[in-house]
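Trainee: Please take one part of this model and look at it closely. I would like a single connected account.

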Amino acid sequence: MPQNEDRKKVPKDFYFLKIVGEGSFSTVYLALEAESKKEYAIKVLKKRQIIRENKMEYVNREKKSLLKLGGSKYFVHLYATFQDSEHLYFVLSYARNGELLNHLIRHKSFCLEWVEFYAAELLLALEYMKSKHIIHRDLKPENILFDRNWHILVTDFGSSKIIGEDDTVQQPNDSNNCRRRKNSFVGTAQYVSPEVLHGEKPSYSADLWAFGCIIYQMIVGQTPFRAGSEYLIFQKITNLDYEFPEGFDETARDLVEKLIVIVPENRLGANDSTSYSSIREHSFFKNTNWDDLGPAPALSDGCDKDKDNFVIPNGLEPGLSDEILAQLHLNMLSFPSEPEVVMHEPPVRKKSEPKRRLTDLTQEEIEERLKLQKDDEYSSFVDGNLILKRGILEKKKGTFGFARKRMFLLTFGPHLYYVDPSTMTLKGEVPFSEDMKTEAKNFKVFYVHTPNRIYYLEDPTGYALEWCKAIDEVVTHYFPKKN
Ligand code: ADE
């Protein structure tokens with residue numbers, strides 16, 4: 001990015017091509033700088049919402065931490081920040097190859113060679129964070145992105161803590177605050193360390209716990225602490241209740257067991273100086289050359305076109321006007337995994353924000369989206385209900401029956417309509433009830449069990465799990481007691 005210090009950037013310096021991530025108070029766009037045609041990820045935060053929800057501290061922490069980490073290649077780089085009357089903008093490196101989580105889901109698990117490489121890159125990132133006095137506090141595969149050469153870029157420092165600096169800043173409702181609610185925690189349930197869970201003072205060791213969980217997950221394909229609810233996950237964490245599946249590599253097991261340790265000071269590396277020398281020396285890393293980790297493994301499915309540049313669609317104006325915003329949101333709703341506006345680009349899955357459910361919408365957001373929905377070709381089928389998720393699914397008659405392509409529309413109400421997209425006729429509705437259950441068979445096939453019938457469905461794009469999660473969230477929203 002040309003460093004013209006005299007002029008702050010403005011939204012019109014960029015073409016906003018598509019939405020690549022959505023969080024509870026931010027949206028991340030793929031953008032091209034108009035002058036250089038270089039690609040960036042621009043995180044846009046709504047000022048009003050940040051103030052209303054008292055999230056200023058998150059925004060400041062993210063900015064401060066990213067600026068401090070600018071000297072390392074293992075972090076998303078913060079190139080610029082600017083604002084207008086309604087929004088704050090963070091201009092970040094664009095991670096072409098998306099989230100570690102998506103690749104883990106696609107590959108199911110990684111071979112040990114890959115795990116050694118990515119654990120080594122992550123360890124170098126942790127060492128750099130420690131040298132800058134930063135604890136991430138929300139390390140997880142969604143926050144580890146890949147650049148175009150498949151090297152990691154750690155992102156999302158909203159929950160981070162800068163040791164020494166933040167200690168003096170105390171905000172009401174801030175999770176750093178001594179007066180914080182017992183059991184309120186920073187991070188994501190599956191990766192949260194027991195001491196953070198119990199509201200104790202955070203240390204670098206919290207990231208070592210998450211590091212152990214991520215190594216386990218890369219090998220097994222699942223997190224070590226799994227249960228049906230956050231409460232049960234917390235119980236398992238507190239009791240160190242997890243297992244290694246048969247065949248789990250012994251050396252890797254030794255490393256994981258030395259990281260996933262209840263007492264933070266006893267975790268491997270916790271007492272090392274700046275570099276985590278005792279972790280580097282563990283025999284799991286026996287093939288690692290710490291001075292040169294070498295090229296990253298080829299994680300791609302062979303069809304990524306990462307040499308191609310993005311193209312600005314004909315007629316797209318620079319900036320983020322209401323009209324462009326509306327169009328980008330519509331594109332995302334219609335083509336969540338097949339962005340229309342960008343050519344030559346592998347699908348990047350919408351970032352899942354675990355704390356925000358599909359149904360967690362304010363009245364304002366519902367009204368805004370309903371307005372946009374009016375122009376939608378499927379709006380006439382949903383009786384004025386807000387479409388929460390849509391997509392073409394194959395609907396089968398019985399497990400081996402003939403499959404028909406249907407557009408499924410999951411809406412408030414609650415409803416799950418299905419429409420024949422070739423004749424644009426409403427074909428029916430999967431009836432909602434408190435007894436409705438989803439069952440994912442694999443990444444494509446899932447069943448919806450209703451009291452009178454089982455619906456056999458297939459998502460050809462491989463996001464069956466997201467469909468199950470979305471339907472479950474709507475069921476829980478309308479029938480919270482039973483679910
Ligand atoms: N999603 C969230 N942040 C991103 C980034 N920096 N690059 C690509 N996708 C993202």
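Mentor: Axes here are lines fitted to C-alpha atoms, for helices over the stretch in contact, and angles run from 0 to 180 degrees between N-to-C directions. The model is predicted. The part to look at is helix α8, residues 250-259, and its packing against helix α6, residues 205-220. The two axes lie 8 Å apart, at an angle of about 150°. Because angles over 145 degrees count as roughly antiparallel, α6 is roughly antiparallel to α8. Their crossing is left-handed.

On the α8 side, the residues in this contact are Ala 252, Leu 255, Val 256 and Leu 259. By class, the contact of α6 with α8 holds 10 nonpolar residues, one polar and no charged. Gly counts as polar in this scheme.

Ala 252, Leu 255, Val 256 and Leu 259 are also the buried residues of α8. Their arc around the axis is only 95°, so they sit on the same side of α8. The cover over these buried residues includes α6 and also α9, residues 277-280.

Asp 254 is in helix α8 as well. The C-alpha atom of Asp 254 is separated by 9.2 Å from that of Ser 283, which is 29 residues away along the chain.

Note on methods. Residues are numbered from 1 along each chain as its sequence is written. This is a predicted model: local features need pLDDT of at least 70, side-chain atom pairs count only at pLDDT 80 or more; totals for chains, interfaces and linings use all residues. Side-chain values use heavy atoms; hydrogens and water are left out. Helices (H or I, at least four residues) and strands (E, at least two) are DSSP runs, numbered from the N terminus. Angles under 35 degrees count as roughly parallel, over 145 as roughly antiparallel, 65 to 115 as roughly perpendicular and the rest as oblique. A crossing is left-handed if the near helix is turned anticlockwise from the far one by less than a right angle, and right-handed if clockwise. Contact means heavy atoms within 4.5 Å. Buried means under 20% relative accessible area, exposed over 50%, partly exposed in between (1.4 Å probe, protein chains only). The arc is that of the directions from the helix axis to the C-beta atoms.
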